[in-house]
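The sequence and structure come first, and the description follows.

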Amino acid sequence: MTAATALGAQTYRADGVVLIRGLFAPHVETLRAGVARNMADPGPYASTNDRAGETGLFFDDYCNWQRIPEFQEVVRDPAVIDAAATLMGSKSVQLFHDHVLVKEPGTSMATPWHQDAPYYFVQGQQTISFWSPLDPVREATLRCVAGSHLWPKDVVPTRWVSETAFFEGDYIPVPDPEAEGMRIVEFEMEPGDAVAFHYRTLHGARGNTATTRRRAFSLRLVGDDACYVTRPGPTSPPFPGHDMVEGQRLREDWFPVLR
């Protein structure tokens, strides 16, 4: 896996996305149990993304690693941390947050095209998200636009249900990658495989038309150059009361340094 990750770092720098087979494979059952615990006891940021005319259930929640023991176990896996460091080209690896996304069978709502970076109060080139399905995925897999992490401007962050702007600023409109002929990278994946992508990589996912669930666990990490940045409005996640200032490294008591 180490050699594959080192080779993948070249693709990661160029495309902003790479597939790592089996990275979370040792934790699939643990994460399934964690997702079940999370859905039974949602956190304050949980949503079922209810939109008129859509079918099924699209549950998502984030920032639960401190209260869900199954997630605590996974975020400290040395193999995951080493892969993050290699792909980011960073000596250090710091935890930002976790994210659970579940699309039950027959869920029609797509995950809209978006970049994560504009929602976050993090700035830096050394950032990485791991998206790992806990069920086999084909059509409902993650889709990423190769090279979008190098765009000169970020895409406007929007609310997924209302599709309104999260806040105003110097952003470009959300594109239609298929209509505009962009190179979309997507993979058929087995449980425990992981897509690694940059916070600025444009990504989304179709609804789940399969007869089986699509559970996914995401882990967001940052590297050496990541620091706090002020956005034009409230960020998501908000982390109220963080007391950080422009240019400050994320406070380590809230965002543990894993390496």
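Which residue in β9 is the bridge partner of Ser129? In this model the partner is Phe197.

The model is predicted, so local features need pLDDT of at least 70 and side-chain atom pairs count only at pLDDT 80 or more, while totals for chains, interfaces and linings use all residues. Residues are numbered from 1 along each chain as its sequence is written, and side-chain values use heavy atoms, with hydrogens and water left out.

**Sheets**

Two strands count as paired if DSSP finds at least two bridges between them. Both strands sit in an open, antiparallel sheet of six strands with the order β1-β9-β6-β11-β3-β2. Its edge strands, β1 (17-20) and β2 (58-62), each pair on one side only.

A second open sheet has four strands, again with antiparallel pairing, in the order β4-β10-β7-β8. Here β4 and β8 (184-186) are the edge strands. Two bridges connect β4 with β10, and His114 stands opposite His203 in β10.

| β1-β9-β6-β11-β3-β2 | 20 degrees |

Helix α2 (residues 28-40) lies across β2, β3 (94-103) and β11 (214-222), at about 75 degrees to β3. Helix α4 (residues 78-88) lies across β1, β6, β9 and β11, and runs at about 135 degrees to β6. Contact in these cases means heavy atoms within 4.5 Å.

Arg37 is in α2 and Glu70 is in helix α3 (residues 69-75), so the pair ties together parts that are 33 residues apart in sequence. The whole structure has 20 salt bridges (a side-chain nitrogen of Lys or Arg within 4 Å of a carboxyl oxygen of Asp or Glu).

**The largest pocket**

The largest pocket has a volume of about 540 Å³. On a 1 Å grid over the protein atoms alone, a pocket is an open set of points where a 1.4 Å probe fits, with protein on both sides within 12 Å along at least five of seven lines, and lining residues have an atom within 4 Å of a point. The volume is the space filled by probe spheres set on the points.

Of its 29 lining residues, Asp60, Tyr62, His99, Trp160 and Ser236 are the closest to the centre. Strand β3 gives the largest share of the lining, three residues. The elements that give two or more residues are β2, β3, β4 (111-114), β10 (203-205) and β11.

**Backbone exceptions**

Most residues other than glycine have a negative phi, and most peptide bonds are trans. Ser236, one of the residues closest to the pocket centre, is joined to Pro237 by a cis peptide bond with omega about 0 degrees. Pro237 is in the segment after β12 (227-228). Asn49, in the loop between α2 and β2, has a positive phi near 50 degrees.

Notes:
Axes fitted to C-alpha atoms, helices over the stretch in contact; angles between N-to-C directions.
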